[in-house]
Each structure stands twice: as C-alpha cells, then as structure tokens.
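Subject: Structure for you to look at

Hello,

Here is the structure I said I would pass on. Please open it next to this message.

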Amino acid sequence: MSVTDLSGDPAPDAPAAAQTARPSREPTPFAALLTRLHFYAGILVAPFLLVAALTGLAYTITPQLDQVLYGDQLAVAAVGDQPKTLAHQVTAARAAHPDGTIASVAPGAGDRTTRVVFSMQELGEKQHTVYVDPYTGEITGQLTTWFGSTPATTWLDDLHRNLHLGEIGRHYSEIAASWLWLLVLGGVILWWRRRNATRARTAHLLVPDLSARKGVRRTRGWHATTGVWLAVGLLFLSATGLTWSRYAGANFGAGLDLLRAGTPQLSTTLDGVPPPASDGGHQHGDAAPGTADNPASYDTVLTSARSAGLTGPTEISPAAESGLAWTVAQVDNTWPVARDRIAVDPTTGAVTARSDFADWPLLAQLSSLGIQAHMGILFGPINQILLAALALGLLCVVVWGYRMWWQRRPTRADRRAPLGAPPARGGVRGLPWWALLLGVPVTVALGWALPWFGVTLLGFLLVDIALGLLARRRRRPVPVSPAPAGS
C-alpha cells in the first residue's frame, strides 16, 4: 500500500535512460503517496470491483426478467371493471395455501395481481407469496419470495451481495464498496495533476488524447477520462452500497440512531386496549375480529388507509400479536416516491398513528432514496440504463488499469520482467509533520468506520513493509572477512 512508503526504498518505474532523455517534474510527497496507494489498491481490489460490476450489471435487468419469467403471476390476463373485496381475495389465497401465517397483503390495481404473503418457520427469511386476480378472485400462481422479490431477482440479488456464500460472501462486496470511493477520488486527483493549465491539455480531462502514441499513454488516457466521467456515479454506488453492508452499514445505522436521523418508528399500540388472553388460537373459519386470519379486517383497514390519503400501491401488514394496530404502508418506490405509513385499529378502522415520508429526517430520506436508486428502481428504466452504463464503464476502467500494468513492464533483454514495477516508495518520509499529524487519526477513524477498509489497508501496509525490508536485505553488500595474518 502506498502508506508503506515508510520503508523508503526507491523503485523507479522507467529505465534511467528514458528518464534522462525526457526529464519530468519530481512528484510531491503527497502525489507520490497517492500514486502508490492508487496503484496497489487498483491491483489488489480491482478483482472485487470486477465481480461487483458484473453481478450488478446482471441485476439491472431484473424487472424485465420478472415479466418474462413470472408475467402470468404478476399481471392479470384482463383488467376488470370492479375488483373483488380483499376479504374474498384473502379467503381464496388461504384456501390455496392453508399453512403459514399471513405476513402482508398488497392489493392489486390496474393489471397488477394481489399479493398475499405467508410466513413459514421452515423458510427463514423467505416467504410464500400467493398471487390473486383481483377481478376474478382466481389464483394465478405461487412463488417463494424474499421481501417481495421473485426467485430470479432473489438469486441475482444474492449473487451481487454475497456470491451465494452467505454472510462470508458479503465481505467481498463490502471490500469493493470500501475502496471504490478512494480509488475514484485518487484517480481524479492524479489525472488532474497530469494536465497542464493550457486549454488544450485541460480538454483531455474529459476527452482522451487520441494523438498520444499507442501504448501506456493512450491506455492511461482512456482509463482516466472514463473514470472522470463515471466519478459521481461510482461515488454514489460506493456510499449507498456501504449503507447496507455488514460492518460499515451497522456503523452507519448506529450513527443515524445517535443523531436521531434514522427512519422513524411507527407506534402500533392501541391505547386502553389490553391484548386479549390467548385461547389456543382460532380456526380459519371463525377467526376473531382484528386477527390476521379474519378476512373482513383487510377491507376495514384498506378503507381507512384510502380515507387517510394513502393512494397508489400499498401493503397491509397485520400485527404479530392480537391487541395491536395493523400497519399500512405506501410502497411506490419510483420518483416521486410515496412512502407514507399509518397504524390502523383493525376492529374499528381508526387511524392510531401516522408517519409521513416528508416528515422523516433528511438523512433517513436520502438513505431510502439512495437505496432505491442503487437498486435501479427510483427512476424506472432510465435508472436501469444509468446503472448498466456505470457497470460497463467500471469494467472498462479496471481492464484498462490492468493493461497499463502490463504495458509498463520492462522489455529490454537485460531488464525483462513479467509486469510493470510499482511506483517508487518514499512518499510518507517527505510529508510535512502536520500532514502526518492529521493523516494518521483520519486514517484510523476511517478504518474504524469502514472496518474492511482498515483491515485491508493494514494488511497491505504490513506486506509491503516486509517486501521492502526483504529487498533492502538482498541489496545489502556482504562483508568480506579479512585474510588471516601471515597467509
């Protein structure tokens, strides 16, 4: 890692003859440090970015893939004039799926079917979803879903998040997100420094210099200018990806809680209504009022939600226990989003609590919108196209980076090497004391907030120091013992 410049052993990138023929300005200690950091992070973290870009690219097509694979379940054959009552639809779903507990009901509208979701202990986080034609009450199909996602979307989501390796696999995506922002910012700074102040050279910040001779200079032009164009989008992907990562995401959530800027909780308590004592449960045919298996309660709650102004796609979630309010939430995640929520007494239909998206703390709003944009939902097909372009651009930038490493390899017969040499060490030694005084605590703080960034940075540091000490030891002359007297 570039921080390992502590070893201080120079490793020039170009032959001495070339440096003599074309003298260049000596980089500042900060530039030398950033160059070495960018090089090592690019070489060692780029494989994680390649995988994240490929799997993310595949995920961008999930809405269209769902329509191809599950169109018969997700959409009705013909839109009718008047939908059946929710009680009728829930009864039909329960008849088709007698096991499990109803977790949520999303009423269908237009050409969308109604989704009745059943939780089952043996499925863990996953659920069974029964799709009902709201106009005929007929069952159009059943799928095993995960938070509303179809099997194909769930499979691609798992591939992108953890490579189907569970919690262990989540480390790869967190490492990629933890380093992406630094690679992007470092690359932009380095490319800016290479440009002169003239207008012609400044233009090549955004347009590759096609007049450059073939080889590393032209490849670097494509690598850098593409990275500049993608910079804002890649920084956005890094930030939003970190918000729901395993360790950095937990720290982010804790920070929001500390600032009281997280998603507000919706109270489901019913004042003055104690929960009834359990009588061993009710049969589906004589479910008590206000319970998940009482079909009439869904119409009561939906009517209250519409009267309260919750329009568009909504989701009704029965209370986990009797004597609590049910939750109705808008689930329109396209711009402009509709994310208001209310709590409703399922027996009387009274609205007992409300949480409007407009009243959420700003950070909670931005976090929610960022996640939807990261998933390609917020702006519909345009969002998908932008994400696909970012993924393809990132793939090109990474490939060009590795190509530069190959092109910079020494090819002279006496200096032949399989790959290019890393940038020279020594950047840390040249930094002023105040830069070290500020840089060390900032780096430690970043390592704490982004644990996988801190762990990998420390690992690169130790490895590079060890390699530097080994190289110095090999170059150290072996002392020759003096010949014995009289020999």
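Below are notes on a few of its strands and helices.

This is a predicted model, in which local features need pLDDT of at least 70, side-chain atom pairs count only at pLDDT 80 or more, and totals for chains, interfaces and linings use all residues. Residues are numbered from 1 along each chain as its sequence is written, and side-chain values use heavy atoms, with hydrogens and water left out.

Helices (H or I, at least four residues) and strands (E, at least two) are DSSP runs, numbered from the N terminus. Strands count as paired if DSSP finds at least two bridges between them.

Strands

Strand β6 (residues 326-330) has 4 of its 5 residues buried, where buried means under 20% relative accessible area, exposed over 50%, and partly exposed in between (1.4 Å probe, protein chains only). β6 is joined by 4 bridges to strand β5 (residues 314-317), and the two run antiparallel. E315 has A329 in β6 as its bridge partner. β6 is also joined to strand β7 (residues 341-344), again antiparallel and by 4 bridges; here W326 is partnered with V344 of β7.

Helix α4

In helix α4 (residues 86-96), the buried residues are L86, A87, Q89, V90, A92, A93 and R94. They pack against elements including β1 (101-106), β2 (114-119), α10 (296-307) and β5, with contact meaning heavy atoms within 4.5 Å.

Helix α9

Helix α9 (residues 247-258) has 12 residues and spans 17 Å from first C-alpha to last, close to the 16 Å expected; the expected span is 1.5 Å times one less than the number of residues. A248, G249 and L256 are buried in α9. Viewed down the axis of α9, its buried residues fall within an arc of 100°, so they line one face of the helix; the arc is that of the directions from the helix axis to the C-beta atoms. D257 and L258 are exposed on the other side of α9. The cover over the buried residues of α9 includes α6 (166-194), α8 (216-243) and α11 (362-374). Just after α9, R260 has a positive phi of about 55°.

Helices α8 and α12

The axes of α8 and helix α12 (residues 381-407) come within 8 Å and cross at roughly 145°. Axes are lines fitted to C-alpha atoms, for helices over the stretch in contact, and angles run from 0 to 180 degrees between N-to-C directions. Among the α8 residues that meet α12 are W222, H223 and L230; those of α12 include L390, W400 and M404.

Regards
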